[in-house]
Amino acid sequence: MKVNKLFVLALSVPLLLTGLTSCNSHKAAHEEFIKSTSGLDYLYEVTYNDYSWDDVTNWMNSKKNVNINQGGFGCSSIHFGNYYGRSFDFCITQMEEFLVRTKHENGHYASLGIAIADCNMNEENVEKLNQGKGDETDLLNEKMIPFTMVDGINENGVVCNTNVVPAKDLIPHEGEDKYHTRGTNPGKPDLFYQFMPRFILDNATSAKHAVELLKNRNLTAVNKDGVVCDYLGVSKMGYELHCMIADKDDTYIIEMMDDYMNIIHSGSNVMTNYYLTNSTPSGAGLERYENLFNVLLDWQKGTEYNLSIMKEAIQSVQYSPCYDPQWKGTDTSNAMWPTEFAGCKIINEEGAEEKLTFYNATKWCKDHWNEIDGDENKGLKAQLKHVYNDIVIPQLKDPTTRPKKLEDGLPWISTHAEVFDIENRTLHLVTQEKMVNGYDQERSPYDFKEFKL
């Protein structure tokens with residue numbers, strides 16, 4: 001009997017919370033969380049006057065660690081000259097993000113960037129904090145928001161961001177969480193790798209200086225007891241992070257491969273969701289990488305380049321096109337990006353469940369693109385059309401219909417996208433991907449808002 005080959009869209013994961021603990025009695029000093037007046041959705045602005053690295057140390061070494069399991073994020077970043085572009089992709093929810101400013105105080109450089117907290121940190125949670133009524137989880141997030149910045153720029157013009165990569169590409173260690181980085185430089189002060197952006201923005205005077213600082217830290221995913229810690233919700237789902245660092249004249253990518261800090265320099269100005277160090281990648285984002293890399297080559301050859309063009313490049317990798325086989329948006333002629341579906345569960349020819357890999361996703365998608373098999377809705381193209389038309393577009397048109405909490409099976413979108421103007425120390429930001437009316441229509445241009453450090 002012939003086995004129906006079913007495609008399961010598995011781009012997000014269920015939420016799992018374990019016990020939480022406050023870090024210490026120190027209270028982060030910050031202004032009120034203000035709903036942004038920019039018109040951008042799900043965005044609060046806040047200035048932190050002070051924050052404590054002791055909070056991070058105490059949290060890492062506590063017996064109760066946060067395990068948010070928000071499933072990672074699929075993102076893209078590119079740097080050329082004065083402009084640094086980045087998209088942050090995540091499941092459709094009502095998750096609030098935070099435009100965070102820090103001041104030049106207590107030995108830290110001033111900075112500006114975007115932070116995430118708990119993926120269920122919605123408006124209700126934030127307002128509780130403003131009223132002094134937050135629960136233990138909210139209070140912990142309040143302290144840790146400066147450390148959960150996923151991208152930013154400091155007063156010296158140093159920009160950085162982190163993207164996820166699969167931890168299973170690493171050499172295994174003993175123990176339950178065997179693939180995660182144990183330490184790149186034992187004996188040096190520990191730096192939990194999820195907090196690299198905060199460390200870089202606090203201390204670096206240039207991209208090169210940031211790398212030198214990281215060389216003198218022990219980048220790790222574990223605490224003093226060897227327990228994997230997870231604040232951003234990536235480690236427990238089998239991910240780690242790599243980091244791109246730039247200033248106006250230079251770019252580096254830092255990857256923790258097999259307990260070694262690998263430094264990629266000289267021309268590596270694009271980063272998505274697989275290790276550039278690894279010769280056998282298994283992540284996602286190959287199509288987004290190739291798209292941005294080709295744009296970068298054109299710029300290097302002397303084609304027109306300015307702030308507006310960098311914004312267009314970032315819009316070309318906004319996430320939802322992977323559901324839409326008909327999309328013909330900016331600089332993208334093939335909307336189906338097969339490696340995005342690596343990790344999705346399928347039923348193979350033998351009738352057994354397996355996961356698509358980085359390498360076989362392209363072939364599987366091609367083979368099942370127009371599959372009918374007695375049911376016109378069984379083909380991949382039909383299923384993606386259903387996801388795009390019936391789930392993505394309605395929720396982008398009416399954000400109030402989005403669930404407040406992360407649920408299994410939600411599609412992904414570009415939660416925020418931005419371009420940093422390094423010379424002017426500004427951030428051009430758009431939050432929550434926007435949609436126009438029809439399935440086969442192009443998206444409206446992103447309406448970026450400018451924020452100055």
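Biologist: Which strands and which helix do the buried residues of helix H7 pack against?

Modeller: This is a predicted model, to begin with. In it, the buried residues of H7 pack against strands E4 (76-80), E5 (83-91), E18 (412-421) and E19 (426-431), and against helix H6 (286-300).

Biologist: What makes H7 mostly covered?

Modeller: The count does. H7 spans residues 307-315, and seven of its nine residues are buried. Buried means under 20% relative accessible area. The residues that pass are Leu307, Ile309, Met310, Lys311, Ala313, Ile314 and Gln315.

Biologist: Step back to the whole chain. What is it built from, in helices and strands?

Modeller: The protein chain has nine helices and 20 strands. It holds 453 residues, and 59% of them count as buried. Its accessible surface is about 17,700 Å², with 47% belonging to carbon and sulfur atoms. Among contacts between residues at least 6 apart in sequence, 71% join residues at least 24 apart.

Biologist: What makes H2 roughly perpendicular to H3?

Modeller: Helix H2 (residues 123-130) packs on H3 at an angle of about 80°, with the axes 10 Å apart. The perpendicular class runs from 65 to 115 degrees, so H2 falls inside it. Asn125, Lys128 and Leu129 of H2 make the contact with Asp138, Leu139 and Glu142 of H3. The classes here are two nonpolar, one polar and three charged residues.

Biologist: What does Phe73 touch, beyond residues up to four places away in sequence?

Modeller: Its partners include Phe88, Phe90, Ile116, Val150, Val164, Val234, Leu241 and Trp412. Asp89, Thr162 and Asn273 are also among them.

Biologist: Is Glu371 buried or exposed, and how do you know?

Modeller: Glu371 has 12% relative accessibility. The limit for buried is under 20%, so Glu371 counts as buried. Glu371 sits in the loop between helix H8 (361-367) and helix H9 (380-397). Glu371 and Ala382 are 11 residues apart in sequence, with their C-alpha atoms 9.0 Å apart in space.

Biologist: Why is Ile391 called partly exposed?

Modeller: Ile391 has a relative accessible area of 26%. Buried needs under 20% and exposed needs over 50%, so Ile391 falls in between. Ile391 lies in helix H9. Leaving aside neighbours within four places in sequence, Ile391 is in contact with His386 and Pro411. Pro411 is 20 residues from Ile391 in sequence, and 7.7 Å from C-alpha to C-alpha.

Biologist: Last, the backbone. What is the phi of Asp258?

Modeller: Asp258 has a positive phi of about 55°, although it is not a glycine. Asp258 lies in the loop between strand E13 (250-257) and strand E14 (260-265). At 33% relative accessibility, Asp258 counts as partly exposed.

Biologist: And where is Arg425 found?

Modeller: Arg425 is in the loop between E18 and E19. Arg425 has a positive phi near 55° and is a residue other than glycine. Its relative accessible area is 25%, between the 20% and 50% limits, so Arg425 is partly exposed.

Methods. Residues numbered from 1 in each chain as written. Predicted model: local features only at pLDDT ≥ 70, side-chain atom pairs only at ≥ 80, totals over all residues. Heavy atoms only, no water. Helix = DSSP H or I, 4+ residues; strand = E, 2+ residues; numbered from the N terminus. Buried < 20%, exposed > 50% of the residue type's maximum accessible area, 1.4 Å probe, protein only. Contact = heavy atoms within 4.5 Å. Areas by Shrake-Rupley, 256 points an atom, 1.4 Å probe, with all protein chains shown as cover. Axes fitted to C-alpha atoms, helices over the stretch in contact; angles between N-to-C directions. Parallel < 35°, antiparallel > 145°, perpendicular 65-115°, else oblique. Nonpolar A, V, L, I, M, F, W, Y, C, P; charged D, E, K, R; others polar.
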